[in-house]
Amino acid sequence: MAFLMHFFAVYGNLVNFIGINALMALGLYVTLSAGQLSLGNAAFAGIGGYTAGILTMQFHAPYILSITSGAMLSGIVAVLIGLPVLRLRGVFLAMATLSFGEVVRIAAVNLTITGGAQGLVGIPNKTTTGLIFTVLALTGYFMAKLRQSRIGWSFESIREDEAAAASLGVNTTFYKTVAFTIGAIISGLAGGMYAHLNFIISPGEFGFSAAVQLLIYNIVGGTRIWYGPLLGATLLTALPEVLRGIGVTAGPIRMCVNGIILLLVILFLPNGLISLLSRSSSIAGPRP
Amino acid sequence: MLLEIVGITKTFGGIRALDGVSFSVEKGAIHGLIGPNGAGKTTLINVLSGTAKPMEGRILLEGALIHSLPPYKVAALGIARTFQNIRLFAGMNCVENVIAGQHLKAKRQLLPRLLHLPSANREEREYRDKAMACLKRVGIEHRAAIPAGYLSYGERRRLEIARALALEPRILLLDEPVAGMRRRGIEQVGGLIRSLATQGMTILLIEHNMKFVMELCSRITVLNFGRVITTGAPSEVGRHPQVIEAYLGAEA
Ligand SMILES: Nc1ncnc2c1ncn2[C@@H]1O[C@H](COP(=O)(O)OP(=O)(O)O)[C@@H](O)[C@H]1O
Ligand SMILES: [Mg+2]
């Protein structure tokens with residue numbers, strides 16, 4: 001017990017950020033599980049974070065109301081931009097969601113209510129470790145059950161072959177929008193929880209590099225099952241601390257290690273680190 | 001008439017892949033669609049299934065216009081298809097491929113699953129049994145747990161038929177279902193098609209194997225350069241001078 005308390009005193013914040021990053025990665029995972037490459041999930045986290053922060057600070061809304069409102073607004077924005085954008089495929093969809101992310105970031109920089117370039121400062125610290133991991137566990141459970149439902153099967157079919165899925169009666173536009181929206185809600189929720197953990201949020205945190213980071217969590221962990229991105233987010237969030245522990249402090253070296261891990265995974269484990277843990281084809285993917 | 005194809009034209013750039021194609025398919029028939037490579041057979045199946053939109057013409061299913069519907073709505077009306085260049089879900093195993101094909105028939109609601117209700121398990125067992133029955137129908141039930149990517153070419157074609165059968169369609173569009181199969185496989189698929197028709201399913205069959213088509217089909221439509229040369233019983237079609245010419249011309 002004494003050990004645990006010591007651990008938390010030192011690494012408590014790291015544990016919290018692992019949980020938040022895992023939740024954000026799960027948000028992108030939902031979209032990826034329907035075969036849609038989105039670079040907009042960091043922006044959804046931003047919408048959730050700013051909305052929740054503003055509601056708490058300016059309108060004195062209760063914490064739970066703030067973060068759920070942030071998640072809902074993210075979801076609404078996802079429906080609105082999803083319908084036109086999801087007609088695009090592959091790289092074009094990635095570019096469109098990336099532009100959306102930039103629009104959100106620039107809006108945050110230029111609006112007064114968001115605190116401009118400096119961001120929101122002084123958001124009360126209300127997100128607890130217990131809440132983070134409760135939400136994460138519930139989201140994981142939701143993912144596992146979603147996979148067994150009609151919605152999950154539709155996502156999987158669309159990811160495997162969109163034309164074939166449509167020939168089986170899957171309304172591909174509808175289910176892609178559902179995937180995009182569920183992903184945005186989860187990312188938005190994670191953003192709101194992050195805002196109430198970090199005291200300050202600023203536009204840069206939800207920009208391009210954050211979007212790519214979420215994608216890297218998914219690729220490194222694996223996107224064939226919901227706990228893949230959890231593994232990716234955990235390892236890559238903890239990595240800097242581990243490196244610091246062995247004496248590597250320089251930023252560029254850490255970035256290099258990040259990049260090398262990503263490259264090794266793409267080259268040798270195309271279905272992510274999670275494929276090491278399971279031989280089942282639904283997780284490890286087809287082996288030709 | 002169950003399915004009426006009226007004056008369908010489809011162009012790709014300068015190519016008239018379909019040029020005023022008209023014919024009808026009777027309920028319960030095994031209707032053959034033959035013609036040399038590039039005749040427009042696959043394009044016609046794409047138009048029928050909503051994948052390609054015709055420039056001109058109409059498609060009627062029991063009198064209702066369907067040619068402007070998206071593929072998923074066509075499927076919901078009971079028209080299922082297979083693809084000439086097989087399109088399976090390679091990351092799923094065989095039974096999962098068929099389960100994915102149950103989209104329109106199986107509810108699989110989220111809420112009972114979230115709440116762990118026993119009804120969800122019961123439902124799941126029932127649908128799994130149905131999926132297994134589809135695999136059995138095409139003769140690959142012993143491969144149920146094998147990833148689709150591992151199957152032989154012939155098995156892939158059969159799995160695609162099984163997945164289409166999971167829709168419990170009224171009309172089944174088969175694009176070269178026995179291409180690349182050995183004799184035993186061809187006979188089995190032939191038997192399957194016949195038994196489906198006996199049960200009242202209507203089948204539109206593209207196939208290059210003439211013996212297979214002649215034996216199986218009650219009517220045959222011959223396409224060449226996007227135009228219908230003739231539609232008729234196999235014996236009439238086989239004697240048609242333009243058909244003989246088209247085939248000899250294509251083979252020469
Ligand atoms: N998507 C497409 N884009 C351009 N040309 C096409 C396309 N699909 C088919 N075609 C052309 O239309 C003609 C008919 O093709 P297809 O329907 O595949 O013939 P078949 O199935 O009878 O062999 C061919 O000349 C083919 O090159
Ligand atoms: Mg063809």
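**Two chains, and a helix pair in chain A**

Asn21(A) sits in helix α1 (residues 2-33) of chain A, where helices (H or I, at least four residues) and strands (E, at least two) are DSSP runs, numbered from the N terminus. The model is a predicted one, in which local features need pLDDT of at least 70, side-chain atom pairs count only at pLDDT 80 or more, and totals for chains, interfaces and linings use all residues. Residues are numbered from 1 along each chain as its sequence is written, chains are lettered from A and ligands numbered from 1 in the order in which they are written, and side-chain values use heavy atoms, with hydrogens and water left out.

Back to Asn21(A): its relative accessible area is 17%, so it counts as buried (under 20%, with exposed over 50% and partly exposed in between; 1.4 Å probe, protein chains only). Leaving aside neighbours within four places in sequence, Asn21(A) is in contact (heavy atoms within 4.5 Å) with Tyr217(A), Ala233(A) and Thr237(A). Leu214(A) lies 193 residues away along the chain, yet its C-alpha atom is 7.8 Å from that of Asn21(A).

As for chain A in general, it has 13 helices and two strands. Its radius of gyration, 19 Å, agrees with the value near 19 Å for a compact globule of 288 residues; the radius is taken over C-alpha atoms, and the globule rule is 2.2 Å times the number of residues to the power 0.38. Buried residues make up 55% of the chain. Of the contacts in chain A with a separation of 6 or more, 77% are between residues 24 or more positions apart.

Two packed helices are described by the angle between their axes and the distance between the axes. For α3 (residues 63-85) and α8 (residues 172-198) of chain A, the axes come within 7 Å and cross at roughly 145°. Here axes are lines fitted to C-alpha atoms, for helices over the stretch in contact, and angles run from 0 to 180 degrees between N-to-C directions. Residues making this contact include Ala71(A), Gly75(A) and Ala78(A) of α3(A), along with Ala184(A), Gly188(A) and Gly192(A) of α8(A).

Chain B, for its part, has 10 helices and 10 strands. With 252 residues, a compact globule would have a radius of gyration near 18 Å, and the 19 Å of chain B agrees with that. The C-alpha atoms of chain B fill a box of roughly 65 × 40 × 35 Å, taken along the principal axes, and 54% of its residues count as buried.
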